[in-house]
Amino acid sequence: VTGKGYDLSRGEGRRIWQACLERAALLSPQLPIVGDPDKKGQPSLFASTDPAVRYGADQTIRPRLGQGTFRFAVQRAYGKCAVTREHSLPALEASHIVSYASGGPHELSNGLLLRADIHRLFDRGYVTVTPDYRFRVSPRLEHEFHNGKVYYQLEEARLWLPERPEDRPAPERLERHNDEVFLA
């Protein structure tokens, strides 16, 4: 099955494209939308080469000292996602059980190596790990977003943990995550 295409640089395609640009400008007037087509006849949405237009104003950030060392230590201790056992390093992130912003330290006992999507859900309370190292998914994921089937299939899965007991997550920190962050 092939869809119908339009040449957006002239005729009916150009008219439809211009109407779309006008509506988009009404919805988001702060976006610098440029309607002229590029060399391939496709419309260029953000044609400016001015860095201020492309990236916005510079911002100051406060680096979390020790974050790189924490990430290295967690990656070395686990080697794969504690939940899914995914081992593709670009997809994995070192997660704080008790967030650094809440006073959680950069220690292995406060860390889990999680796939990036699971890390985000963990930080937002849609998933957790019980003190007996079981993965749990909040019913709120389904209620609020009407999805999460992939994660519910992992419900009650036992975590993969580092061999050395001192490198494993502290049960009291997991309990704190369950009590303070998890959306039961």
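**Notes on the predicted model**

1. Among contacts (heavy atoms within 4.5 Å) in the protein chain between residues at least 6 apart in sequence, 56% join residues at least 24 apart. This is a predicted model, in which local features need pLDDT of at least 70 and side-chain atom pairs count only at pLDDT 80 or more, while totals for chains, interfaces and linings use all residues. Residues are numbered from 1 along each chain as its sequence is written, and side-chain values use heavy atoms, with hydrogens and water left out.

2. The protein chain has seven helices and four strands; helices (H or I, at least four residues) and strands (E, at least two) are DSSP runs, numbered from the N terminus. Their order from the N terminus is α-α-α-β-β-α-β-β-α-α-α. Of the 184 residues, 33% count as buried, where buried means under 20% relative accessible area, exposed over 50% and partly exposed in between (1.4 Å probe, protein chains only).

3. Helix α3 covers residues 67-78, 12 residues in number, and reaches 17 Å from its first C-alpha to its last, close to the expected 16 Å. The expected span is 1.5 Å times one less than the number of residues in the helix. Just after α3, G79 takes a positive phi of about 75°.

4. Which residues of α3 are buried? They are Q67, F70, V74, Q75, A77 and Y78. Seen down the axis of α3, these buried residues fall within an arc of 165°, so they line one face of the helix; the arc is that of the directions from the helix axis to the C-beta atoms. The face turned away from this buried side carries the exposed residues T69, F72 and R76.

5. What covers the buried residues of α3 includes β1 (92-96) and β2 (111-115). These two strands run antiparallel and are joined by five bridges; two strands pair if DSSP finds at least two bridges between them. The bridge partner of S95 is L112, in β2. Strand β2 is mostly covered, with four of its five residues buried.

6. T130 lies in the loop between β3 (127-129) and β4 (135-137). Is T130 buried or exposed? T130 is buried, with a relative accessible area of 11%. Leaving aside its neighbours within four places in sequence, T130 is in contact with R136, L174 and N178.
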